[in-house]
Amino acid sequence: MNTIKNIADFTGRWFALLVLGGAVLGLLLPGATAPLTPYIPLLLGVIMFGMGLTMSPADFTVVARHPWAALLGVLAQYTVMPLLGWGIAHLLGLPPMLTVGMILVGAAPGGTASNVIVYLARGDVALSVAMTSVSTLLAPLLTPLLVLGLAGSTLPVDAGDLFLSILQIVLGPVVAGILLRMVAPGLVDRLLPAMPLVSVTGIVVVVAGIVGANAGAVLGTGLLLALAVVLHNGLGLGLGYLIGAVGRVPESARRTTAIEVGMQNSGLAVALATAHFSPLAALPGALFSVWHNMSGSALATYWARRAPEDEPVPPP
């Protein structure tokens, strides 16, 4: 078990580079990686089950203690990012399938790695967990409605099918993980050290599969789509922090809001795009998965050296 934990710790530390390696592998070996795409919903379900194992009903008590900060963050999550995805795609003139992919990324809930990034950035970890949990539970309702509203004029969107997919891929596994933790905490405590390894492996495989299935599109529209993804993530991080500042939440909560808004559950966007549109629509989510982990890690490194204004000063 110690060996597994050491490997899991290694993958956690080098998460961003491993995901980038998955993208490179997809480009170099498209024939071997493209057949992985049918397994994306299953892989994401396993990742969300692992996320559920780390959650408990106590995580939601933070919403009662800090309702304004939590509400502000979740509202920003489901307004800023979907509108940015739609606006950037149209500004850069992306094809319809890539536009839908950008909207799917924006309409997804908070990213599964955001809690770790918030911890490294000296943000409010309890608030981060609460915001990720609430946005994930709201996803079956809000994600299909946002995609229908923003992409319905571009392509036919079946909000009912999207709702069912999110129930199967996200809500069901998360609730199952929470329930298992409640009824068998000892078993879960033994499983938790290995979960980072499972999550990272799943995301690397997802990225490799999507990039492999779209190797030609990556080479053809790579720079333009990369610009769109970088703008989407960067503006999300910046506007998230600005919204926290305008809302007068503490500095640690501003950092949390920035990261929660800027980092998306791009794996869900990939799974939904693959199941309901095409592998091409999943490409923005795959590239977002690579980039937001790199930018989030860089931002956390910057903030880690600067204590938030509201952080208690340690005694001498």
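**Notebook: loops, a helix crossing and salt bridges**

I began with Ser-278, which sits in the loop between α16 (266-276) and α17 (283-304). The model I am reading is a predicted one. Is Ser-278 buried or exposed? I noted a relative accessibility of 16%, so Ser-278 counts as buried, the cut-off for buried being under 20%. I then looked up what Ser-278 touches, leaving out residues up to four places away in sequence, and found Met-97 and Ala-273.

**Entry: α6 against α10**

Next I turned to helix α6 (residues 67-77) and helix α10 (residues 125-151). I found that their axes come within 10 Å and cross at roughly 50°. Angles of 65 to 115 degrees would count as roughly perpendicular and those under 35 degrees as roughly parallel; α6 and α10 are therefore oblique to each other. I also looked up the hand of the crossing of α6 and α10, and it is right-handed.

Which residues make the contact? On the α6 side I listed Ala-69, Ala-70, Gly-73, Val-74 and Gln-77. On the α10 side I listed Leu-127, Met-131, Val-134, Ser-135 and Leu-138. I sorted the residues of this contact by type and got seven nonpolar, three polar and no charged. Gly is among the polar residues in this sorting, and Gly-73 of α6 is one of the contact residues.

**Entry: salt bridges**

How many salt bridges does the count come to? I have two in my notes. Side chains of opposite charge can pair when their charged atoms come close.

I took the pair Arg-254 and Glu-251 and noted 3.9 Å between the closest N and O atoms. The cut-off for a salt bridge is 4 Å. These two residues are three apart in helix α15 (residues 251-262), so about one helical turn separates them. Arg-254 and Glu-251 are both buried.

I then took Arg-255, which also forms a salt bridge with Glu-251. Here the closest N and O atoms are 3.1 Å apart. Arg-255 and Glu-251 are four residues apart in α15, and so they too are separated by about one helical turn. I checked burial again: Arg-255 is buried, as is Glu-251. I wrote the three residues down together, since Glu-251, Arg-254 and Arg-255 are linked in a network of salt bridges.

**Entry: positive phi**

Most residues other than glycine have a negative phi. I looked up two arginines with a positive value.

Arg-122 is not a glycine, yet its phi is positive at about 60°. I located Arg-122 in the loop between α9 (114-120) and α10.

I placed Arg-248 in the loop between α14 (215-246) and α15. Is Arg-248 buried or exposed? Its relative accessibility is 74%, so Arg-248 counts as exposed, the cut-off being over 50%.

**Entry: Leu-242**

Last, I looked up Leu-242, which lies in helix α14. At 47% relative accessibility I put Leu-242 down as partly exposed. I also noted the separation between the C-alpha atoms of Leu-242 and Ile-166, which is 30 Å. Along the chain, Leu-242 and Ile-166 are 76 residues apart.

Notes. Residues numbered from 1 in each chain as written. Predicted model: local features only at pLDDT ≥ 70, side-chain atom pairs only at ≥ 80, totals over all residues. Heavy atoms only, no water. Axes fitted to C-alpha atoms, helices over the stretch in contact; angles between N-to-C directions. Parallel < 35°, antiparallel > 145°, perpendicular 65-115°, else oblique. Left-handed = near helix turned anticlockwise from the far one by under 90°. Contact = heavy atoms within 4.5 Å. Salt bridge = Lys/Arg side-chain N within 4 Å of Asp/Glu carboxyl O. Buried < 20%, exposed > 50% of the residue type's maximum accessible area, 1.4 Å probe, protein only.
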